[in-house]
Structure formats: structure tokens, C-alpha cells
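Subject: The two-chain model, with notes

Hi,

Here is the structure I promised to pass on. Please open it alongside this email, and my notes follow below.

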Amino acid sequence: MSAAATGPVTMAQDTGVVSQAIAYLNDPLSWTGPGGILELGREHLALTAAAVLVAAAVALPVGAWLGHGRRGGGVTVWLTNASRAVPTLGIILLLATAGLFGDGATVVAAALFAAPVLLVNTYEGVRGADPSARDAAVGLGMPGRQVLTRVELPLATGLVAAGVRTAVVQVSATVPLAALAGGGGLGQIIALGMGTQRYGQVLAGGVLVAALALVLDGVFAVVQRLVTPAPLRASARR
Amino acid sequence: MVSTAAADNPWFSWSYVTENADVLWARTTEHALLTVEAVAIAALVAIPLGLLASRVRWLAGPLLGTAAILYTVPSLALFAILAPIMGIGRQPVLLGLVLYALLVILRNTVTGLDGVDPAAVDAARGVGHGPLQVLARVRLPNALPSIMAGLRLATVTTVALVTVGVVVGYGGLGQLMFQGFRNNFYRAEIMTATIACVLLALVLDLVLWAAGRALTPWLRGRSA
């Protein structure tokens with residue numbers, strides 16, 4: 001760490017990648033300005049939010065409906081397991097060759113991989129609602145719809161929140177992959193660094209993407225705890 | 001997604017597969033070896049750690065917590081952190097994959113050991129088995145289904161993750177996907193590599209399922 005910067009820092013060959021990464025992260029120009037870390041970070045978060053919302057808009061109602069009717073459990077679990085075997089990169093690149101480029105493709109691809117987690121957690125949460133609570137609701141004369149919205153869904157909040165947390169972290173990890181196909185977000189720093197063989201920048205980009213995922217996981221762990229009704233907290237872990 | 005699109009760039013073509021059989025095979029073996037090696041190393045580390053965690057209770061929290069943090073770090077980021085330090089190529093990808101696979105195997109080992117019927121352990125002690133014998137004859141065999149499930153999940157996940165290694169120049173079938181993308185969007189190449197990747201995951205999963213069945217003959221006849 002002898003880089004007491006006197007004058008402009010040149011990309012000296014013998015400087016270690018770690019100090020290059022630190023120099024990159026310390027340079028205010030890397031953060032502000034167009035294409036800077038702050039702008040890419042905002043873009044990353046916006047893409048993540050969009051993908052999770054798209055996935056949730058489809059997976060939550062379907063999961064709740066299937067769980068309420070106790071149908072399709074096998075298919076739900078199979079879909080989740082099968083989605084693990086499909087390489088995300090292949091799907092992103094195939095979407096790109098189909099003409100789906102940039103932010104739209106990133107959101108679609110990330111949403112595709114986030115949906116199974118949301119689906120299975122919603123399904124399990126609704127289906128696993130305490131049968132005696134459900135019976136009591138039916139006994140009170142609640143129609144099926146109300147049983148779902150007033151009994152089963154509230155009892156499922158813990159698992160659904162856990163699913164949302166996993167989906168958010170997973171999507172924030174998928175978004176940088178799309179940078180390889182020209183998508184936005186913090187992955188661009190890594191892709192650009194690899195392309196120009198600036199490995200310090202690659203390292204810095206890796207640290208940034210990792211930090212974002214860990215922070216999101218922490219934030220949503222708190223959210224998950226807050227939305228889970230106190231008596232359900234212990235059992236909501238998965 | 002059948003080849004109805006532009007005739008000169010079909011989604012899939014057998015001629016691509018037959019003409020490039022050598023490369024496909026080479027990449028698939030590279031992919032498979034990397035996966036098997038990563039899961040094997042992860043198992044050698046995680047199963048003993050799981051045994052330790054089930055004995056020394058206070059260690060379970062920190063061990064699982066550390067593995068969970070490693071698992072939360074996106075694979076792309078992990079490779080991007082490891083490659084500049086370890087050098088571009090196979091090593092950083094292998095280490096990254098091992099770190100990923102640790103959590104699933106560790107968690108399933110701990111869950112499996114915790115789920116062993118205490119009455120069975122008591123019975124084994126009662127007939128005079130020492131701690132090691134109890135472990136080898138009662139606890140491990142009873143935890144085996146859970147451990148095997150962990151190995152299968154880790155393997156399937158690892159097969160898909162290897163492709164991300166392309167970002168640091170070693171992605172097995174991922175190399176073909178990216179090459180096809182750069183090569184004027186050669187759809188057949190990307191599609192073939194993607195399908196090969198899914199098939200490889202299926203085959204390895206089947207092999208482990210069969211191994212699990214062979215290792216737990218007493219469970220046969222019950223549900224899978």
C-alpha cells in the first residue's frame with residue numbers, strides 16, 4: 001500500500017489488484033457522473049424491484065390459489081427444482097438473440113428465475129395454514145374467498161416474506177449476469193473491467209455486487225421479521 | 001421455441017450438434033469434472049463440519065451463518081472477487097463453486113443428524129456401542145438420506161453455476177453459450193449448450209439418486 005498518490009495514478013503493471021480496486025473505489029469520479037457506481041447502483045435496484053414485482057404479480061396469486069385449493073403441489077415443487085438446473089446465463093443470452101435486449105430482457109429473465117421461489121413459498125404458506133383455524137373460519141360461514149384473504153394469507157405472511165427475501169437477493173444476483181449481454185446495473189463494472197483487463201475494477205465490481213446482495217438480505221430479513229405476526233415467528237423460518 | 005424463426009439462424013440444428021460434437025463433448029466433460037470436483041471437495045469439508053456442529057452445539061450457529069453469508073454473495077461477484085486475486089482460469093471458479101456448495105451440504109448434514117431418533121441412539125449405547133460405533137452404525141446411516149438430498153441439490157445447482165464462470169474465462173458449456181452470443185447471435189450454439197447443461201444436471205442427479213438408493217437398502221419399498 002505505498003500508493004501515496006502524488007500526481008495522477010497510472011495503471012502501473014506492478015500495482016496489486018487489491019490496491020487498484022481500492023484506488024478505483026476511492027476515486028470520487030468512479031462514484032458520481034454518468035455510468036458511475038451511484039447511477040449503476042440505482043439502475044441495479046430499479047431493475048431488481050421491477051423483476052421482483054413482475055414475478056410477484058404472477059406467482060403470488062397463482063400460489064395462493066393453488067394452495068387454497070390444495071392442488072398442484074407436485075408441479076410447484078417440480079418447477080422449483082427444475083428451475084435450479086436451468087442455466088440463467090443461457091436463458092439471458094437466448095432472450096438477447098430473440099431480440100429482447102437491455103433492461104426489458106434483464107427484468108424478464110430475472111423474473112423467470114424469481115417466480116418459482118415465490119410460488120412455492122406462497123403455496124406452502126397457504127396450504128400449511130393451521131387446519132383448525134381454517135375449519136373455524138368455514139364454521140363461521142366465511143365463503144372460500146374470505147377464508148383465503150382473512151385466515152390463510154395472514155397465516156402465510158411469514159413464508160411469503162421469506163420467499164420475497166430470497167427472490168430479492170436472487171434477482172439482485174441475476175441482474176449483473178445480464179450485463180454480459182449488454183444489460184445495466186453494477187454488473188457493467190465487472191463486464192467492462194474484464195473486457196479492458198482492468199482486474200482491479202473487476203474486483204471492485206465484485207465487492208460492490210456482493211455488498212449490495214448482503215445489504216438487501218439484511219434489510220429484507222428485518223422486513224420479514226416485522227411483517228410476521230409475533231406468534232408465528234419461530235415457525236416461519238425455512 | 002421450435003425452428004420456425006429465420007431460416008439462417010434456427011433455434012436448434014442437428015447439423016450444428018453433429019459438426020461440433022468434439023467441442024461439445026470436450027466442454028461437457030470439462031463442465032462435469034469441474035462440478036464433480038467442486039461437490040466432492042465441498043462434501044469433504046461440509047460433512048465433517050456438520051458432524052462437529054451436531055456435537056458442539058454452539059458451533060452450529062456460526063458455521064451455518066458463515067456458509068449462509070457465502071451463499072448470499074452472487075456467484076458472479078464471487079468469481080469477480082476471486083479471479084483477480086487467484087488469477088484468471090479454473091482455480092477461482094472451482095473455489096467459488098466449493099464455497100457455494102458448502103451451505104446446502106452442511107445444512108442437510110446437520111438436519112439429518114438432528115433428526116436421528118434418540119431412541120435408536122440410546123438402544124445402540126445400551127448394547128455397548130462406543131461413540132464412534134454409534135456414529136458409524138446408527139447416526140450416519142440414519143442421516144444419510146438427508147445428506148444425499150443435500151449432495152443432489154448442491155450438484156444440480158453447481159452445474160448451472162459453472163456457466164457463470166465464463167465471466168472469468170472458465171465456464172465449461174457457458175463458454176459455448178457466450179461464444180454463440182458473440183458469434184452473431186448463433187442461436188443453435190447457445191440453445192445446444194443450454195440443453196446440454198440441463199441434461200448434465202439431470203444425469204448427475206440420477207446417478208446420485210441411484211447411489212443413494214444403493215446405500216440405503218433398508219429404505220427401499222418406502223417412498224422415494
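Let me begin with a threonine: the side chain of Thr216(B) reaches the backbone oxygen of Gly212(B) at 2.7 Å. That is a polar contact, meaning a pair of N or O atoms within 3.5 Å; within protein, one must be able to donate a hydrogen and the other to accept it, and residues adjacent in sequence count only if both atoms are side-chain atoms. Thr216(B) belongs to the segment after H9 of chain B. With a relative accessible area of 8%, Thr216(B) is buried (buried is under 20% relative accessible area, exposed is over 50%, and partly exposed is in between, using a 1.4 Å probe and protein chains only). Leaving out residues up to four places away in sequence, Thr216(B) touches Leu144(B) and Pro145(B), where contact means heavy atoms within 4.5 Å. Helices here are DSSP runs of H or I with at least four residues, strands are runs of E with at least two, and both are numbered from the N terminus.

Some ground rules before you read on. This is a predicted model, in which local features need pLDDT of at least 70 and side-chain atom pairs count only at pLDDT 80 or more, while totals for chains, interfaces and linings use all residues. Residues are numbered from 1 along each chain as its sequence is written, chains are lettered from A and ligands numbered from 1 in the order in which they are written, and side-chain values use heavy atoms, with hydrogens and water left out.

How confident is the predictor about chain B? The average pLDDT of chain B is 89, and 95% of the residues score at least 70; pLDDT is the predictor's confidence in each residue, from 0 to 100.

In chain A the annotation covers residues 41-220, a span that is 85% helix and 0% strand, with its end C-alpha atoms 18 Å apart. For chain B, UniProt lists residues 28-208; this span is 85% helix and 0% strand, and its end C-alpha atoms lie 18 Å apart. UniProt positions are given in the numbering used here, feature names are shortened, and annotations may be inferred rather than shown by experiment.

Now the aromatic rings. Rings of Phe, Tyr and Trp (its six-membered ring) pair if their centres lie within 6.5 Å; planes under 30 degrees apart count as stacked, over 60 as edge-to-face and the rest as tilted. By this rule there are 5 aromatic pairs over all chains. Tyr16(B) and Tyr186(B) are edge-to-face, because their ring centres are 5.4 Å apart and their planes are at 85 degrees. Tyr16(B) lies in helix H1 of chain B and Tyr186(B) in the loop between helix H8 (173-182) and helix H9 (187-215), so the pair ties together parts that are 170 residues apart in sequence. Tyr16(B) is buried at 3% relative accessibility, whereas Tyr186(B) is partly exposed at 29%.

The rings of Phe178(B) and Phe181(B) are stacked, because their centres are 6.1 Å apart and their planes are at 25 degrees. These two residues lie in helix H8 of chain B, 3 residues apart, about one turn of the helix. Phe178(B) is buried at 14%, and Phe181(B) is buried at 10%. Phe178(B), Phe181(B) and Phe185(B) form one aromatic cluster.

Two arginines are worth a look as well. The charged end of Arg71(A) sits over the ring of Trp65(A), 4.5 Å from its centre, and that of Arg187(B) sits over the ring of Trp11(B), 4.3 Å from its centre. The rule asks for NZ of Lys or CZ of Arg within 6 Å of the ring centre and within 35 degrees of the ring normal.

Arg70(A) is in the loop between helix H3 (37-69) and helix H4 (73-85) of chain A.

Best wishes
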